[in-house]
Amino acid sequence: MIAKINRLNKLATHKDYKIHFKTFIEAVNGLFWVFNFQSPKYAIESAVESSEFHALKLKQLKIPEQTQWYTHFIESIKSLKPYILQNFPTGLFSAPSQGERDYKELIEQINNNVKLEETQSNGGQQQPSQQQQSDYINQQQQQQNKQPEEQSYPSLQQYLDNLNKFETLSKEINKDLIKDITNIAIKVAKDKFLIVMKNFQSHKKPAEDVKKQLMQEFIVDLKKLQEKSVGDAQIYVKPVYEGLQALFWIFQDQMPKMIVETSIEASEFNALKLKKQKIQLETDWYMSFHAALKFLVGYISENFKAGLSWNPQGSQDHQNLINQLKGQQNQVVTKQNAGPPSLNSLGLKGTSGGPPPLGSLNLNLNQNTDNNKKSTNAGDSDKLFSQINVGMDDIKKHLRKTNKDQLKEEAKLREQKLQEKLKQKQEQQEPKVQTQSVSQQQATKEPKRYLKPMQGLYLENFQNVQELIEIKEGDDGLESKHALFLDNCKKIAVKVHPKINTIFINKCENLQLQFNQVISSVQLVNANSITIWCFEKCPSIQCDNSQQVHISLMDDMSCEVISSNTQEINVTYKKTEDEMAKDYPIPEQFITKWDPNQHKFVTSVFEQDL
C-alpha cells in the first residue's frame, strides 16, 4: 500500500490536477486502519479531516461534476467508521489466534495485486506477531527500493520537456555558437543533473571534500561555456551561464530555492539585450530554457525545501557517482585519443604494432636501378634541354631594361619608407606600454587590511580571493561609528556582520557584498560588476560612474538609489516571502520637453517598449 501511495504522490505534481490528487491521497491514508491495532477509528477520522481541508480549494472551483466526484468518494471512506466500530473496535486482527495460515502468503498476495477475500471469512487466521509485522514493513521497503531509478524522485517531466524544446530550437537556428551553448547546457542541466537525482537516495550525504569534487564536475563545463563569452557572443552565453548556476541547489542544505531564484534573476537581466534584437526564434530558444529553470522553483518548494534528502543508510561509495559524472567527458577523450586503426583491424596482413616485413612486398630493386640507368642516356638529356629552351627569345622581348643606379635608388626609397612606418608604430605603442606598466604596478600591490581610528576599516588590493572575507563585530576594533572602505579589489566576496555607518566602494570589479544594516549609505565610484545584498536596512545607495550593479533588498524597500553616469543598474525586491522576486532596472535615458503650463523645461524618464 505504501508503494501505491508513493505513486500517487508522484502523480500529484501535475499542474492541473494537483488539488484532486492531494484530496484523494489524504483520504486513502485512512485505509491504513487495517494495520492499527489500538485505535483504527482514529485513522479514518484524521484522514477524512485532512482530505476535507484540502478539498476546500476543489469546491471553490465550483465545477459540479468534480464536486460530486469527491463527495461520493469521501462518503465511502466515512462509511468505514461505523463498520469499524461495530466489527473491529480494537483492530482488524482481534480474532482468536487459532489460524494456521502463514502471513507470507498474505504478503505475496498484496505484492502481486491479488484481490483478497473478506477478513470475516478468514476469521481463523493467526494474529501476527511483532516479528511478522516488522518483516512485512521491511519487505514493503525493499519492494520500494526495487523500483526503477527514474521513479525514485518526484517527476521532472515538465522540466525535461522544456529542455528538449530548448535543444530542438537550437537546431533550427543557423548559428554554430548557439548550438555549442545548447550542447553544454544540456550536458549540465539534463545529463549530469539527472545522474545526481537518480543516485542521491541510494547514497549517504557526501562530506565537504567529496561535495567539492561533485561540484567540480559541473564547474568544468561552466568554464568551457564562459570561455565562449567574447565580444558579441556574450548576448547568448551570459543568460545561459547565469541560469545554469541554479543547478547548484542540489549541493545546498539551506535555502536551495533562493539559489534558483537569484540565478533566474541574473539570467533574466543578462537576457534583456537578447530580447532587444526581436528575433523570435532566438527569444523562444532562451524562453524554453528559462521555463525549465522556473519549474525548479515550485519543484524545490514542494519536495526539497531543505535540500536533497540523502539516505543516511545508503552507500558511502561516492566515487561511483563521480565516475558517472566524468563518464560524459571520458567518452569524448577516448574517441579523440583512439589513434589510427591497426593493420589487422583493416584486414591487412602484417605484424602487430609495426610495418609489414620487407620480404612480403616483393620489390625488384635491381630492375628499377637498370631502368634508371637507361633513362639517363646522353641522347635523352639533349632532347630534354632543347624542349626547355623553346620560346626563350619571345620571353626576352617583354623584359624591361634597367640600370644598376636606378635599382639602388629604388632600394633606398623603400628603406626610407620602412623606417618611417616603424617610427610611427613605435610612437603609437609607447603610450600603451606606459599604461600597461601602470596597471601592472597597481596589480602588484600587496593586499592590506588596517583600521584608522577616526575613519574606519580599509580593505585594499584584495584580488582573486576564493574564500569569503568576513568582518565580524569587534574585529580590528571596528565600531558602529566607523565606515568600511573597499579600494581596488577584484573577484572577492565580503560579508559584514555588525551594523556600521557607511560603506565606500572605489575602483572595484566583480565584488560581492553582503551586510545586515548600514546607518548612512553605501557609495560606489568607478565600480564594475558589483552585487549587493541588504538583509535588513540601508537608507540610500549612491552609484557614480559605475556599471553592472545588482542590488537585492531582502527586507526594507525604503532604500533610495541615486545614480549618476551609470549603466545596467538593477534592483531586486520582494514584497512578501512567498512572492517571486521582481527586478526593476534603473532608467538610463531621459527626455526633456517644454511644458507650456509651467513655462519651463521638464525632464522625465524615457520609456521604450522592448
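Student: How do helix 9 and helix 10 run, parallel or antiparallel to each other?
Tutor: Helix 9 and helix 10 pack at an angle of about 170 degrees, so they are roughly antiparallel. That label needs an angle over 145 degrees. Their axes, lines fitted to C-alpha atoms over the stretch in contact, with angles from 0 to 180 degrees between N-to-C directions, are 10 Å apart. This is a predicted model, where local features need pLDDT of at least 70 and side-chain atom pairs 80 or more, while totals for chains, interfaces and linings use all residues. Residues are numbered from 1 along each chain, and side-chain values use heavy atoms, without hydrogens and water.

Student: Which residues make that contact?
Tutor: Contact means heavy atoms within 4.5 Å. From helix 9 come Ile-181, Ile-184, Lys-187, Val-188, Lys-192, Phe-193 and Val-196. Helix 10 brings Glu-217, Phe-218, Asp-221, Lys-224 and Leu-225.

Student: What about helix 11 and helix 12, at what angle do they cross?
Tutor: Roughly 170 degrees, with axes that come within 7 Å. Helix 11 and helix 12 are therefore roughly antiparallel to each other.

Student: Which residues meet there?
Tutor: Ile-235, Lys-238, Pro-239, Glu-242 and Gly-243 of helix 11 meet Ser-263, Ala-266, Ser-267 and Asn-270 of helix 12. By class, this contact has three nonpolar, four polar and two charged residues.

Student: How many residues of helix 11 are buried?
Tutor: Eight of the eleven, so helix 11 is largely enclosed by the rest of the structure. Buried means under 20% relative accessible area, exposed over 50%, partly exposed in between (1.4 Å probe, protein chains only). The buried ones are Ile-235, Tyr-236, Val-237, Pro-239, Val-240, Tyr-241, Gly-243 and Leu-244.

Student: What covers them?
Tutor: The cover includes helix 9, helix 10, helix 12, helix 13 (272–276) and helix 14.

Student: How many residues are in the largest nonpolar core?
Tutor: It has 59. A nonpolar core is a set of buried Ala, Val, Leu, Ile, Met, Phe, Trp, Tyr and Cys residues joined through side-chain atoms within 4.5 Å. Tyr-159, Phe-193, Met-197, Leu-244, Trp-285 and Leu-296 have the most contacts inside this core. Elements giving two or more residues to it include helix 8 (157–172), helix 9 (176–199) and helix 14 (280–303). Helix 9 gives the most, with twelve residues.

Student: New topic. Where is Asn-461?
Tutor: Asn-461 sits in the loop between strand 2 (456–460) and strand 3 (469–471).

Student: Is Asn-461 buried or exposed?
Tutor: Asn-461 is buried, with a relative accessible area of 10%.

Student: Which side chain makes a polar contact with the side chain of Asn-461?
Tutor: The side chain of Asn-488, at 2.9 Å. A polar contact is a pair of N or O atoms within 3.5 Å; within protein, one must be able to donate a hydrogen and the other to accept it, and residues adjacent in sequence count only if both atoms are side-chain atoms. Also, the backbone oxygen of Glu-446 lies 3.2 Å from a polar atom of the Asn-461 side chain.

Student: Where is Ser-529 found?
Tutor: Ser-529 is in strand 8 (residues 528–537). Its side chain makes a polar contact with the side chain of Asn-528, at 3.4 Å. Another, of 2.9 Å, joins the side chains of Ser-529 and Gln-548.

Student: What is phi of Lys-278?
Tutor: It is near 55 degrees, a positive value in a residue other than glycine. Lys-278 lies in the loop between helix 13 and helix 14. Lys-278 is exposed, with a relative accessible area of 60%.

Student: And Asn-565, is it buried or exposed?
Tutor: Asn-565 is exposed, at 59% relative accessible area. Its phi is also near 55 degrees. Asn-565 lies in the loop between strand 11 (560–564) and strand 12 (567–573).

Student: Last one. How many helices and strands are in the protein chain?
Tutor: There are 19 helices and 15 strands. Helices (H or I, at least four residues) and strands (E, at least two) are DSSP runs, numbered from the N terminus. Buried residues make up 31% of the 610 residues in the chain.

Note on methods
Angles under 35 degrees count as roughly parallel, over 145 as roughly antiparallel, 65 to 115 as roughly perpendicular and the rest as oblique. Ala, Val, Leu, Ile, Met, Phe, Trp, Tyr, Cys and Pro count as nonpolar, Asp, Glu, Lys and Arg as charged, and the others, Gly among them, as polar.
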